[in-house]
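Here are my notes on this model, point by point. Have the structure open while you read.

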Amino acid sequence: WLKPFRLERHRTPCSRDCFALSVLMASPASSAEPAVVDEQGLARAPNLEGSAEALVVEGIPRANSLIERAGSALKTAGSNLQLQRANTLPTEDGSLRHAATMPMTFDLDAARPCCFGLWKVQQFAGFVLGLGALLILLVARPMKTYPLANGMLGLTAMCACFWIFEVMPVYITALLPMVFIPFMEIASSEYIASAYWNWISMLVVGTYLVDIALEQVHLPKRLALAMLLHVGVVRPAALLACFMGLAWILAMFLNSIAVTLVITPFAVSLMNAAEEQACTAAESARERAAEEGATEEARVAMEAEGRRGVEQVHHFANGLLIGIAYSASAGGLATITGAIPNYFLAAESSIAGRISWLAWFEFAFPISLVTGMLAYLVLHARYVRRLSFSGISRQMLEEQQQDLLREVGPVSRDELMVAAVQVLQLVLLIVRPFTISAWFSSPYGEQLVNDSTLAVLPALLLFLIPSQTRPGEALLTWPVVHEKFDFGLLLLIGG
């Protein structure tokens with residue numbers, strides 16, 4: 001726009017307006033100089049030699065204000081109409097492929113006025129259209145000969161709307177048939193799961209998605225800190241019992257592998273802090289000995305004592321990490337969803353569908369409890385009994401809590417909602433044999449809803465509940481799932 005340009009006469013009615021708009025867009029207002037308007041109303045530039053002088057025609061200031069207001073309105077509307085802005089595109093190849101598949105989901109800078117900031121206008125429109133199509137076809141039932149086809153057509157229409165308008169991530173929308181078809185009494189959970197993998201694999205998917213959400217909001221770490229702070233100054237025996245007890249309890253209702261991966265980093269950071277504390281104490285002792293003029297033998301003894309303190313921290317850390325693994329394995333014995341070998345057994349054709357979550361729990365809980373207690377006694381005898389390590393001070397725990405508060409803040413609504421979803425999943429799995437299975441069955445007595453559907457249902461809610469700490473996103477997002485979900489588990493089950 002710095003290049004000189006010449007004015008041409010046009011006899012079209014819009015010439016003057018188009019030229020005025022081009023002047024507004026191309027000329028700097030700071031160097032404005034009045035333009036000359038001829039008898040036909042066309043503006044002539046008074047001076048275009050050597051500089052980019054601004055051109056202002058009569059009535060342009062008012063037009064400028066109108067254009068600015070229109071531009072502001074267009075910018076707001078554009079945030080809901082355009083698919084993806086360049087500044088919101090991720091840079092990594094893997095994330096870029098997902099952004100190409102789900103442009104509206106990744107367009108976080110867009111205005112999202114619907115569902116407490118979760119959806120753009122078209123996403124909300126897709127939700128209304130999809131749900132409306134399902135309800136209309138279920139109520140109207142246009143196909144009289146095949147009544148179940150009405151519900152199937154409505155579900156197909158809803159999935160299509162959700163896919164087109166990106167109401168949920170496209171991969172999560174694909175799980176809707178796993179939930180809706182059994183509840184609409186069209187086919188059983190086991191039959192529908194065969195379109196994905198099998199019902200055991202879908203049970204893994206549902207429980208693992210909730211596990212990822214718990215890790216995303218740091219709820220297990222906050223529970224561990226709260227438990228340790230309640231105890232106060234934590235001796236090695238109590239510290240081992242706290243971590244093993246927490247891992248044992250969580251592994252019953254989550255997944256033993258996920259629990260180990262969530263708790264271990266916190267335990268490692270705590271042991272690193274304990275090692276620094278031991279090193280600081282040894283250094284202080286050496287400085288004090290030097291100030292007091294201690295003999296060489298005394299200084300050597302103090303240095304040996306300091307090294308012994310650090311070595312004891314390392315020794316106890318080994319026992320703590322093994323304790324987390326042992327207790328998670330023991331807790332995972334108690335439920336079908338707790339450990340991979342349990343999935344293998346439940347998937348065997350001779351017993352598939354005959355063992356419920358609650359029946360397994362009643363049988364395996366005593367075994368799990370005894371195994372966990374024996375693991376603690378063995379590790380206490382091996383790693384704690386002759387230990388002179390003083391334990392973790394309350395000050396160190398408070399520092400860890402401050403680090404957590406700086407990282408994620410105080411307890412948020414996100415953590416409470418994820419915890420509620422976890423409780424809902426647990427309750428559904430417990431009550432299914434008494435209530436849900438009896439309510440949804442085929443005319444031939446076949447149970448249509450099994451644990452895989454009830455595990456996936458709460459997981460879907462995580463993608464529909466808006467996050468408070470991350471505006472514009474759900475409690476769980478697909479990039480987080482793609483990063484943390486261990487798809488190798490599904491291959492392992494198949495193998």
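Is L333 buried, partly exposed or exposed? L333 counts as partly exposed, at 33% relative accessibility; the cut-offs are under 20% relative accessible area for buried, over 50% for exposed and partly exposed in between, with a 1.4 Å probe and protein chains only.

1. Ground rules. This is a predicted model, where local features need pLDDT of at least 70 and side-chain atom pairs count only at pLDDT 80 or more, while totals for chains, interfaces and linings use all residues. Residues are numbered from 1 along each chain as its sequence is written, and side-chain values use heavy atoms, with hydrogens and water left out.

2. Overall make-up. The chain has 22 helices and 4 strands, taken as DSSP runs numbered from the N terminus (helices are H or I, at least four residues; strands are E, at least two). Of its 495 residues, 43% are buried. The accessible surface is about 26,100 Å², and carbon and sulfur atoms supply 63% of that; the areas come from the Shrake-Rupley method with a 1.4 Å probe, and for residues only the protein chains shown count as cover.

3. Back to L333. Look in the loop between helix 14 (296–332) and helix 15 (340–346). L333 forms a nonpolar surface patch with F363 and I367, and together they have about 290 Å² of accessible area. Patch members have over 30% relative accessible area and no salt bridge; nonpolar side chains (Val, Leu, Ile, Met, Phe, Trp, Tyr) are joined within 5 Å, like charges within 9 Å.

4. The cores. A nonpolar core here is a set of buried Ala, Val, Leu, Ile, Met, Phe, Trp, Tyr and Cys residues joined through side-chain atoms within 4.5 Å. The largest one has 101 residues, and L209, F243, L462 and L476 have the most contacts inside it. Helix 10 (residues 199–216) gives this core its largest share, 12 residues. Apart from it lies another core, of 8 residues, including W357, L426, L429 and F440. As for L476, leaving out residues up to four places away in sequence, its contacts are L209, I212, A213, L462, F463 and V481.

5. Helix 8. This one (residues 176–183) is largely enclosed by the rest of the structure, because 6 of its 8 residues are buried. Those are L176, P177, M178, V179, I181 and P182. They pack against helix 6 (147–165), helix 7 (170–173), helix 9 (189–193), helix 10 and helix 20 (451–461).

6. Two positive phi values. E185 has a positive phi near 60 degrees and is found in the loop between helix 8 and helix 9. H218 also has a positive phi, of about 60 degrees, without being a glycine; its place is the loop between helix 10 and helix 11 (219–231). E185 is partly exposed at 35% relative accessibility, and H218 is partly exposed at 22%.

7. Salt bridges. There are 4 in the structure, each a side-chain nitrogen of Lys or Arg within 4 Å of a carboxyl oxygen of Asp or Glu. E415 pairs with R222, their closest N and O atoms 2.7 Å apart. This pair links distant parts of the chain, 193 residues apart, with E415 in helix 18 (residues 413–431) and R222 in helix 11. Both residues, E415 and R222, are buried. By contrast, R406 is exposed at 61% relative accessibility, and its salt-bridge partner D403 sits 2.2 Å away, N to O. R406 and D403 are 3 residues apart in helix 17 (residues 394–408), about one turn of the helix. Another bridge joins R470 and E473, at 2.9 Å between the closest N and O atoms.

8. A273. This residue is in helix 13 (residues 256–291) and is buried, with a relative accessible area of 15%. Beyond its neighbours within four places in sequence, A273 is in contact with M396 and Q400. A273 and L397 are 9.4 Å apart, C-alpha to C-alpha, across 124 residues of sequence.

Note on methods. Contact = heavy atoms within 4.5 Å.
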